[in-house]
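This report walks through selected features of one protein model. Please view the sequence and structure first.

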Amino acid sequence: MADVTKYAPVNGRTLISDFKSHFSLQKTKRTVAYGFVFVFIGFTIFLAFAPSSNSSSPWFTNIFTSTTTSKSSILSDDSYRSHFSSIFSYFFPNSSTQVHNPENRSKNTNLQPPNLNREPEVVKNQTQNQETNDKVEVLEKNNTTVLPKEPPAKQIVNTTSPSKSSSELNKGSSILKNQTQSKQLNGKTEELKANQSSIGVAKSPVAANQTANSSKIFGSGVKNVTGNGDTRINENGVAKNLTSSTKKKKSNATNSTVSSKQGSDDLIKSLMNCDMFDGHWLRDDSYPLYKPGSCSLIDEQFNCIQNGRPDNGYHQLRWKPKGCTLPRLNAPNMLELLRGKRLVFVGDSLNRNMWESLVCILKNSLKDQSKVYEEFGRHHFRNEASYSFIFEDYKCTVEFFVSPFLVQEWEVTDKNRTRKETLRLDIIGRSADKYKNADFIVFNTGHWWTHDKTSKGKDYYQEGSHVYNELNVLEAFRKALTTWGRWVDANVNPMKTHVFFRGYSKSHFSGGQWNSGGQCDRETEPIKNVTYLTQYPPKMTVLERVLKGMKTPVTYLNITRMTDYRKDGHPSIYRKQKLSGAEKKLLLRVQDCSHWCLPGVPDAWNEILYAELLVNHNQRHKQKGT
């Protein structure tokens, strides 16, 4: 009974009905809870995907935009605190609650000791974004330069909460100022490079604490330039300026080289189209090419200044062709043209006159003249058959071979067994084999054909075993030159050797010949009126005919007319320094009006030779295609 009473329904209800009423109440509570959860989730999703221009909007924005943020950073205590404070400021913008902003903390780490244990999250994000976005491709092809675009506005503008303290606001405005200056600087950089084809690539900024030294690149005009990216732009700008300056210098050097080459080509062209021997003498105080009395190699008979000649106008004249201007003889350049080569003069004492002139010009241009010397150490040049000056640094030689007729002087025995001199018109000079392979050969002959023996032509000229009883000098001259021409054609390689023939140098004896009282010692001015010039020598007409009949090209240095003007340039009586009374009387009777004082007229011959070498050098390079 007690048990039945114990389980009897209360208030007339059964146990089952009590259980039903209990679970009905629980169901109602659960429904309300589920509804609240669904509302919260919906509201949260709305906030997460609601558009906002504020970078400090609810924390979901940071979750979905910071794609490179690690899970550990999101779940960290600092991260949660930051997210909920952002939500709070979003709903209550006028709240005075102090907001903890890790971005500000990272941007102002230059004012606080760095946290070595934990890196601020936004800096991590920015660094990772930088690593992703900094992969900028530089397109150098077609002069295309990749430039950084201005950073997005949300990355430049530092949005701060109005609830921040004044110190933090000042810091934020300073950072904003720096970032704005960076923007302006980027704009200027793009303006400076506007003339180049450019491709803009977005570039994220980096932490502002890396900008301390950036302003030094551009000076006081720019204070704080944000980020290494901008620093790189600045350095590239400086490098570009330096490169531009270098390119400008190279361009100037190239233009100078092109201009110099153009000038050289114009000079060569003018010389090739010019008759260098038709002109006149001009007074030029920049001459002579070497100081009078400075060259110890000059023979005493040519050293007029040392021998007491009082006037000096004769060596201050230069030759000016009508159709061009001869280049002044540049001795170092001429030595370069002669580097590793042999230049040989072959002929009479007038060619020795020219040879000594050139040796003095070249030697006096060098600082170390000890490296210029005669092969056998000789200092006098009248008694030997040949001489050779060596220019050691250039490995070249300037040589002279004595051969006044170009053909051989000979001896025969007559019927009375008496030996007599003859001139073999059919045999080239004895030294020919020694110079035939030279690079440049300058021949001459002429003056010795005016002596009594040659001019009369009696029992002097010989061919084979036959000695002519009498032979006209012009015919003998033609035979001798024909022998010379045939030898040149047979023995000289025109691909290696350039052959010159210097023409007849005029004499100026007045009142007789060299051995009959002819004089020129009172002449101090050249002839200026062409009517006083003499006729062209018949021997040179014979020479020209021979040259035309040769296979080997020969450059004819026709100096006859240019020397005809210069009656003032001879040694005359100034041929020796110390004279006795008898020698003075002899020199007054026998003057030298054939050779030339040095410095003097032969220097001009060498200037023409130099011009010809320039032309020859140019033509050879064109043939080689260089």
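## Helix H17 and its packing

Helix H17 spans residues 538-548, and its buried residues are Lys539, Met540, Val542, Leu543, Val546 and Leu547. Viewed down the axis of H17, these residues fall within an arc of 150°, so they line one face of the helix. The arc is taken from the directions that run from the helix axis to the C-beta atoms. An α-helix has 3.6 residues a turn, so residues three or four places apart point the same way. On the other side of H17, Pro538, Arg545 and Lys548 are exposed. Buried means under 20% relative accessible area, exposed means over 50%, and partly exposed lies in between (1.4 Å probe, protein chains only).

The buried residues of H17 pack against helix H16 (473-491), strand E14 (498-502), strand E15 (554-557) and helix H18 (560-564). Contact means heavy atoms within 4.5 Å. Helices (H or I, at least four residues) and strands (E, at least two) are DSSP runs, numbered from the N terminus.

## Basis of the model

This is a predicted model: local features need pLDDT of at least 70, side-chain atom pairs count only at pLDDT 80 or more, and totals for chains, interfaces and linings use all residues. Residues are numbered from 1 along each chain as its sequence is written, and side-chain values use heavy atoms, with hydrogens and water left out.

## Overall figures

The protein has 626 residues, of which 43% count as buried. Its secondary structure comes to 20 helices and 15 strands. Among contacts between residues at least 6 apart in sequence, 74% join residues at least 24 apart. The protein exposes about 35,800 Å², and carbon and sulfur atoms supply 53% of that area. Accessible areas come from the Shrake-Rupley method with a 1.4 Å probe; for residues, only the protein chains shown count as cover.

## Two buried residues

Arg566 lies in the loop between H18 and helix H19 (581-589). Arg566 counts as buried because its relative accessibility is 0%. Leaving aside neighbours within four places in sequence, Arg566 is in contact with Trp281, Tyr314, Leu317, His508, Pro526, Trp596 and Val601.

Ala480 sits in helix H16. At 2% relative accessibility, Ala480 is also buried. With neighbours within four places set aside, Ala480 is in contact with Val407, Leu425 and Trp449. Ala480 and Ile427 are 53 residues apart in sequence, yet 8.2 Å apart in space, C-alpha to C-alpha.

## Strand pairing

Strands E6 (residues 372-374) and E7 (residues 386-391) run antiparallel, joined by 3 bridges. Two strands pair if DSSP finds at least two bridges between them. Glu374 stands opposite Phe389 in E7. E7 also runs antiparallel to strand E8 (residues 396-402), with 6 bridges. Here Ile390 has Thr397 in E8 as its bridge partner. The hairpin of E7 and E8 has 4 residues between the strands, and Lys395 takes a positive phi near 55°.

An open sheet of 4 strands has the order E9-E10-E12-E13, with mixed pairing. Its edge strands are E9 (407-413) and E13 (466-467), each pairing on one side only. Strand E12 (residues 461-463) and E13 pair in the antiparallel sense over 2 bridges. Gln462 has Val467 in E13 as its bridge partner.

## A nonpolar surface patch

Phe36, Val37, Phe38, Phe40, Ile41 and Ile45 make a nonpolar surface patch of about 660 Å². Patches are made of residues with over 30% relative accessible area and no salt bridge: like charges are joined within 9 Å, nonpolar side chains (Val, Leu, Ile, Met, Phe, Trp, Tyr) within 5 Å. A salt bridge is a side-chain nitrogen of Lys or Arg within 4 Å of a carboxyl oxygen of Asp or Glu. Phe38 belongs to helix H2 (residues 15-49). Phe38 is exposed, with a relative accessible area of 62%.
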